[in-house]
Amino acid sequence: MAKYKGSDFRIKVRTSTAPDVFAVIGGGKTDSLSISNETVDVTDKDSSGARQLLEGAGVRAYSCKVSGVVSDNAVFTDNVMVAANANTHIYCKIESGTGEAWAGLWAISSCERSGEYNKEENFSMSLESAGTITYTSVV
């Protein structure tokens with residue numbers, strides 16, 4: 001079974017359109033993606049005492065996190081920080097080392113920057129899906 005490098009799992013921001021051009025958020029060290037599916041309980045007296053969930057119902061939500069070292073990368077300053085300060089959405093694509101991809105509009109729900117004396121300046125950011133996220137499989 002193949003193994004994949006964590007450095008291949010990347011969150012990219014669309015920097016231009018026609019054609020779409022994506023660039024990695026500069027300085028990122030750790031990227032993650034979480035998919036949450038809200039369930040709808042339809043258990044009734046005919047369920048033989050077992051919970052039943054309605055398939056295909058509920059809300060699906062995607063969450064991403066990225067953290068790393070602040071760099072002079074224009075993608076971070078010109079796209080991410082501008083959108084965070086303006087409270088606007090950004091179009092991102094998350095790519096896995098397997099070739100899978102998730103793309104769509106994301107809201108920056110939090111963006112933190114920090115620094116300690118005699119150490120690097122760090123950032124962390126959380127993204128929440130803000131519409132339909134398109135999944136591309138490798139199959």
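D31 is buried (under 20% relative accessible area, with exposed meaning over 50% and partly exposed in between, using a 1.4 Å probe and protein chains only), yet D31 has no salt bridge, and R10, the nearest side chain of opposite charge, sits 4.1 Å away. A salt bridge here is a side-chain nitrogen of Lys or Arg within 4 Å of a carboxyl oxygen of Asp or Glu. The model is a predicted one, in which local features need pLDDT of at least 70 and side-chain atom pairs count only at pLDDT 80 or more, while totals for chains, interfaces and linings use all residues. Residues are numbered from 1 along each chain as its sequence is written, and side-chain values use heavy atoms, with hydrogens and water left out.

D31 belongs to strand 3, which covers residues 28-37. Helices (H or I, at least four residues) and strands (E, at least two) are DSSP runs, numbered from the N terminus. Leaving aside residues up to four places away in sequence, D31 touches F9, R10, I11, K65 and V66, where contact means heavy atoms within 4.5 Å.

Salt bridges do turn up elsewhere, and the count comes to four. In one of them, E95 pairs with K12 at 2.8 Å, N to O. E95 lies in strand 5 and K12 in strand 1, so this pair ties together parts that are 83 residues apart in sequence. E95 is partly exposed at 22% relative accessible area, whereas K12, at 18%, counts as buried. K93 also forms a salt bridge with E95, at 3.3 Å, N to O. Through shared partners, K12, K93 and E95 are joined into one network. R14 and D20 make another salt bridge, at 3.5 Å, N to O; R14 is partly exposed at 26%, and so is D20 at 42%.

Next comes the nonpolar interior. In soluble globular proteins, nonpolar side chains tend to be buried together. A nonpolar core is taken as a set of buried Ala, Val, Leu, Ile, Met, Phe, Trp, Tyr and Cys residues joined through side-chain atoms within 4.5 Å. The largest such core has 23 residues, and I25, W106 and L127 touch the most other members. At least two residues of this core come from each of several elements, including strand 1 (10-16), strand 4 (60-69) and strand 6 (101-115). Helix 1 gives the largest share, five residues.

As for disulfides, meaning pairs of cysteine sulfur atoms within 2.5 Å, the structure holds zero. C64 is in none, and the nearest cysteine sulfur, that of C92, is 7.4 Å away, which is too far for a bond. Both cysteines are buried, C64 at 1% relative accessible area and C92 at 0%.

S47 is in the loop between strand 3 and strand 4 and is buried at 4% relative accessibility. The S47 side chain makes a polar contact with that of Q52 at 3.2 Å; such a contact is a pair of N or O atoms within 3.5 Å where, within protein, one must be able to donate a hydrogen and the other to accept it, and residues adjacent in sequence count only if both atoms are side-chain atoms. T132, in the loop between strand 7 and strand 8 (134-136), is exposed at 70%. T132 touches A103 and G104, not counting residues up to four places away in sequence.

Key:
Lys and Arg count as positive and Asp and Glu as negative; His and the chain ends are not counted.
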